[in-house]
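Biologist: I have a structure open and want to learn how to read it. Where do we start?

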Amino acid sequence: MWPIWRQLLSPRDAYGAEQTLLLFTYLLGLTPFRLRGHGTRHFELSRLGYLNALLQLTFFGYCFLSALVQEQSIVGYFFNSPISQVGDSLQKFIGMTGMFTLFLCCGLRVRLLIRHCDMIACIDNHLLDVGICFNYSRIMSLRHTKLLLIAGVQLAYLASSISMLIYNDVRPSYTVAVAFYVPQLFLLSIVVLFGAILHRCWQQFDALNKVLKNLAHQWDTRSIKAVQKQRSLQCLDSFSMYTIVTKDPAEIIQESMEIHQLICEAAATANKYFTYQLLTIISIAFLIIVFDAYYVLETLLGKSKRESKFKTVEFVTFFSCQMILYLIAIVSIVEGSNRAIKKSEKTGAIVHSLLNKTKSPEVREKLHQFSMQLMHLKINFTAAGLFNIDRTLYFTISGALTTYLIILLQFTSNSPSNESSTGFDCCEAYHNMTNHTV
């Protein structure tokens, strides 16, 4: 029993560092594979994992259909208007479609994720050859922190919103609650998993850049030699590094080229696995943010004549918290992707700095090859190829959000109830004027 706990608390490789996160997603049915072996470790597909995924999806489908038959929803408890009915119907449809898409992609494309994990372990071994040793316990601690943070935020939102409903004598059935809250948990779990992949990508690019910077520093101090020297370890933030590299510069650059190619291939594999999940998550988040922002603005601007048990503060708080939850998901995806891309772009500047300093023809040739490789191998993350996952997405979402909000608010202003009220006021004014004249 103790060796199992020691592996959970003190991982010794890239597989062990992610085992807690992968166990969590395994229980949710999103990663139907388990870590096997003691010496040479590997991931293996699990029939129990696929069965768990099927049960999860079946249970959610039952709750969704039951809520649909009952014609109940959490949003409907707050107020009922034509636009809210449309928004609620769209949220139900895209929520069910999104859940099926997530489980389908996770089940059918799971070998891509396993291949990516194997590539991460292989890259770590290559980095070890050039003096890099990652602190896997720290990596696992970061995963635990993110899981606890996401679980805490989700539980706080669930507890506060359910308490608000019960306080106002509204008791939703468990099927309605599951259909509304469970998709948030699954979407955020995919976001955490994608963030973990991006974090390892960022770490490996950072380690590669430090190897090249260390080489440049040794050239600056004239301390580099092609002879064996004593190794000394320098403890860094997320990994350890040899201060004196004991290999020939041309050999170090050749290994750095191979590591760079492997990292780019790993990033491309991750993008293939997550591409449809990212499209689903961003689409769902955008739709919910649009309608939540509309509900809040309509109430604050006084355009809504809603009849509800809930106070304005409770109404605004509920939808604002839901909107913030999905905003966190989008920001986590975009910032993680942007951070990895920016770190990869720094490698080119370091390589060209080395190119300007070297005097060895052999090393210069290797650096020229590395420069050409950097031109043709670049990482990027897309949502099914429709748009790039970077900070330009903020501008795109902001523009689309503003456009849809203006349309919805104008639709509310021109609704039949407002028109009839305006017509009644005009008729009443004309009648008063006639009586006054007579």
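Modeller: Start with contact, which means heavy atoms within 4.5 Å. Keep in mind that this is a predicted model.

Biologist: Which residues is Thr31 in contact with, leaving aside its neighbours within four places in sequence?

Modeller: Thr31 touches Leu22, Thr25, Tyr26, Leu113 and Leu193. Its side chain also reaches the backbone nitrogen of Tyr26, at 3.1 Å.

Biologist: Where is Thr31 found, and is Thr31 buried or exposed?

Modeller: Look in the loop between helix H3 (19–28) and strand S1 (33–36). Buried means under 20% relative accessible area. Thr31 has 1% relative accessibility, so it counts as buried.

Biologist: How do I read phi?

Modeller: Most residues other than glycine have a negative phi. Asp169 is not a glycine, yet its phi is positive, about 60°. Ala384 is not a glycine either, and its phi is also positive at about 60°.

Biologist: Where do Asp169 and Ala384 lie?

Modeller: Asp169 sits in the loop between helix H8 (136–167) and helix H9 (174–220). With 58% relative accessibility, Asp169 counts as exposed. Ala384 is in the loop between helix H12 (361–376) and helix H13 (392–413). Ala384 is partly exposed, at 29% relative accessible area.

Biologist: And record annotations?

Modeller: An unreviewed UniProt entry carries the annotation "transmembrane region" for spans including 89–110 and 315–334. In the model, residues 89–110 are 95% helix and 0% strand, with end C-alpha atoms 31 Å apart. Residues 315–334 are 100% helix and 0% strand, and their end C-alpha atoms lie 29 Å apart.

Conventions. Residues are numbered from 1 along each chain as its sequence is written. This is a predicted model: local features need pLDDT of at least 70, side-chain atom pairs count only at pLDDT 80 or more; totals for chains, interfaces and linings use all residues. Side-chain values use heavy atoms; hydrogens and water are left out. Helices (H or I, at least four residues) and strands (E, at least two) are DSSP runs, numbered from the N terminus. Buried means under 20% relative accessible area, exposed over 50%, partly exposed in between (1.4 Å probe, protein chains only). A polar contact is a pair of N or O atoms within 3.5 Å; within protein, one must be able to donate a hydrogen and the other to accept it, and residues adjacent in sequence count only if both atoms are side-chain atoms. UniProt positions are given in the numbering used here, feature names are shortened, and annotations may be inferred rather than shown by experiment.
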